[in-house]
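Hi,

Here is the structure I promised to pass on. Have a look at it first, and then read on for what turned up.

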Amino acid sequence: MTARATILPLEVSNLVYEAGGERLLHDVSFRLAAGTRTVVLGPNGAGKSLILRLCHGLLTPTMGEIRWGGDVRADPLRVRRQRAMVFQRPVLLRRSARGNVEHALKLRGVPRRERHALTDLALAQTGLAELGNRPARALSGGEQQRLALARAWATEPQLLFLDEPTANLDPAATRAVETLVDGFHAAGAKIVMTTHDLAQARRMADEILFIHRGRLLEHAPADRFFAAPAMPESRAFVAGELLW
Ligand SMILES: Nc1ncnc2c1ncn2[C@@H]1O[C@H](COP(=O)(O)OP(=O)(O)OP(=O)(O)O)[C@@H](O)[C@H]1O
Ligand SMILES: [Mg+2]
């Protein structure tokens, strides 16, 4: 198998997650194909971040299976290198903006001579070419989030997880992040993004996973989901009624 063998589809079967003596995810199953932008939608505390963290290998399921590329025996390290994750609050190292990107490439085993050019490209693509030498943590919130995207993108992931990537941003910075995500999608990356923001889900989603109180209530094409949500909870959510 080559290094770029596809890691998709992502198949999650009967996923259960428990912590602090509570069951936080109940029997979640879905299959995500390559190509589409999947938005994991649901109110605060529904379990959206948990699902992404489990899929990205940051948490271990209590029960259930997560299978990549149809292969139960897929090498976890190989699969891990084909995906990246961006968080609501960017986790940046105490070094320059370009140092953050170069470090991520180093961790992926990219040879030193290639790191520089890949970093330049990623910074240019995210509008940060002029800011490469600034301390990453001195950048504005919107710039930091673009740097997190540059860092994720430089590693050329097949799949990009984004957990509420614009929740702390103003409308202009939000638009910039959405445009970048669309660009990554156009370049072939699978996008899996959480949001509790209906308007953002309408703008970004090809398909919706609707999560409520730790359960997957609906997995549907976005058009269908917004036009005719099938469950009482998703109808209420789409109507803008408060849910928890
Ligand atoms: N380690 C833990 N111990 C106990 N409860 C936890 C733990 N991690 C998460 N939870 C709880 O699990 C539920 C789901 O959390 P999660 O962060 O996935 O929600 P979310 O859908 O991402 O919400 P938000 O929109 O606010 O980001 C929440 O009620 C949260 O408090
Ligand atoms: Mg969350």
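By class, the shell around ligand 1 splits into five nonpolar, five polar and two charged residues. Bear in mind that this is a predicted model. The residues in question are Ala19, Leu24, Pro43, Asn44, Gly45, Ala46, Gly47, Lys48, Ser49, Leu50, Glu164 and His196. Helix 1 (residues 48-55) gives the largest share of that shell, with three residues.

Asn44 has a polar side-chain atom 3.0 Å from an oxygen atom of ligand 1. With Ala46 the backbone is involved: an N or O atom there lies 3.1 Å from a ligand oxygen. Gly47 also uses a polar backbone atom, which is 2.9 Å from an oxygen atom of ligand 1. As for cover, ligand 1 taken alone exposes 650 Å², and the protein buries 60% of that.

Next, the aromatics. Searching the whole structure gives four aromatic pairs. One of them is Trp153 with Phe184, a stacked pair with 4.0 Å centre to centre and 10 degrees between the planes. Trp153 sits in helix 5 (residues 141-154) and Phe184 in helix 6 (residues 171-186), so this pair ties together parts that are 31 residues apart in sequence. Both partners count as buried, Trp153 because its relative accessibility is 16% and Phe184 because its value is 3%.

Phe225 and Phe226 make an edge-to-face pair, because their planes are at 85 degrees, with ring centres 5.3 Å apart. Phe225 and Phe226 are both buried. They also belong to a cluster, in which ring pairs link Phe210, Phe225, Phe226 and Phe237.

Most residues other than glycine have a negative phi, and most peptide bonds are trans. Here, though, Leu8 and Pro9 are joined by a cis peptide bond, with omega about 5 degrees. Pro9 falls in the segment before strand 1 (10-19).

Within strand 1, Asn14 has a positive phi of about 50 degrees despite not being a glycine. Asn14 counts as partly exposed, because its relative accessibility is 43%. Glu156, another non-glycine residue with a positive phi, has a value near 50 degrees. Glu156 is placed in the loop between helix 5 and strand 6 (159-163), and at 48% relative accessibility it counts as partly exposed.

Cheers

Notes. Residues numbered from 1 in each chain as written. Chains lettered and ligands numbered in written order. Predicted model: local features only at pLDDT ≥ 70, side-chain atom pairs only at ≥ 80, totals over all residues. Heavy atoms only, no water. Near = heavy atom within 4 Å. Polar contact = N/O pair within 3.5 Å; in protein donor to acceptor, adjacent residues only side chain to side chain. Areas by Shrake-Rupley, 256 points an atom, 1.4 Å probe, with all protein chains shown as cover. Helix = DSSP H or I, 4+ residues; strand = E, 2+ residues; numbered from the N terminus. Nonpolar A, V, L, I, M, F, W, Y, C, P; charged D, E, K, R; others polar. Phe/Tyr/Trp six-rings, centres within 6.5 Å; stacked < 30°, edge-to-face > 60°. Buried < 20%, exposed > 50% of the residue type's maximum accessible area, 1.4 Å probe, protein only.
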